[in-house]
Amino acid sequence: MLNAFSRTELLIGPEAMTKLKNSRVIVFGVGGVGGYTVEALARSGVGAIDVVDNDKVCLTNINRQIVATRKTLGKYKVTAAAERIAEINPDCKVTPHRMFFLPDTADKINFADFDYVVDAIDTVSGKIAIIEKAKAAGVPVISCMSAGNKLDATAFTVADIADTSVCPLAKVMRRELKRRNISGVKVVYSKEDPARGYYKEGRRAIVPASCAFVPSVAGLILAGEVIKDLTIKAKKK
């Protein structure tokens, strides 16, 4: 019998679809990158998704964030994401966490509850805390490096953090993770040199410039790695 995920099942098989349905994935950050990760996870049949973010949808999000529309302006992003997932797959259990994830709030999340952890936030301290907590819990984690100030959506690749180059954020993360003796972290990063961007009123913008077609690609790659890892493990078992 046909269902919402019939085309996916034709590709990966019924056993893998069952694995996805029984999996719980947490996504930190529901912005330009993480929003598309959540979208792809929901459309792939993941049975439980937790979303973590403390921001509200604002007008400047509309150019690149899938949860941002004129109807969602002013809503918390986790609320907008939960409502969107419900429209895609009402059987998916969505747990919103309206919080700004940093080392001092990290204990509010029990990482052992999840089958996969996705880091799509911007702050270095938060990213490190996510990786530390996931590693301690023995849960697979994937982290996105910078998608800001980029125009080449084809420059993204998946690698171990130790093998990254070019990306300034990846450089900082390599250093900080090495200091903590943490290795074997899968990341998505861009080999494109960051664009300089335009100056406004004689000064460069404080926030990174971004567009519709770069962070979305990074978010979809993150989701693809999660889906592949979960279903490959299902096949091995």
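First, a cut-off: I call a residue exposed when its relative accessible area is over 50%, and buried when it is under 20%; partly exposed sits in between. And a caution: this is a predicted model.

Backbone first. Most residues other than glycine have a negative phi. Asn-181 has a positive phi, about 60°, and it is not a glycine. Where is Asn-181? It lies in the loop between α6 and β7, residues 186-190. Its relative accessibility is 72%, so Asn-181 counts as exposed.

Val-166 is another non-glycine with a positive phi, about 70°. Its place is the loop between β6 (156-160) and α6 (168-179). Val-166 is partly exposed, at 40% relative accessible area.

Now the charges. How many salt bridges does the count come to? Thirteen, that is 13.

Take Asp-107 and Lys-133. Their closest N and O atoms are 2.7 Å apart. Asp-107 sits in the loop between β3 (93-98) and β4 (116-119), and Lys-133 in helix α5, residues 124-137, so the pair ties together parts that are 26 residues apart in sequence. Asp-107 is exposed at 66%; Lys-133 is partly exposed at 29%.

Next, Glu-83 and Lys-75 form a salt bridge, 2.6 Å from N to O. Glu-83 is partly exposed at 38%, and Lys-75 is partly exposed at 30%.

Last, a network. Salt bridges link Glu-132, Arg-175, Glu-176, Arg-179 and Arg-180. Within it, Arg-175 meets Glu-176 at 3.3 Å, N to O. Arg-175 is partly exposed at 40%, whereas Glu-176 is buried at 13%.

Key:
Residues are numbered from 1 along each chain as its sequence is written. This is a predicted model: local features need pLDDT of at least 70, side-chain atom pairs count only at pLDDT 80 or more; totals for chains, interfaces and linings use all residues. Side-chain values use heavy atoms; hydrogens and water are left out. Helices (H or I, at least four residues) and strands (E, at least two) are DSSP runs, numbered from the N terminus. Buried means under 20% relative accessible area, exposed over 50%, partly exposed in between (1.4 Å probe, protein chains only). A salt bridge is a side-chain nitrogen of Lys or Arg within 4 Å of a carboxyl oxygen of Asp or Glu.
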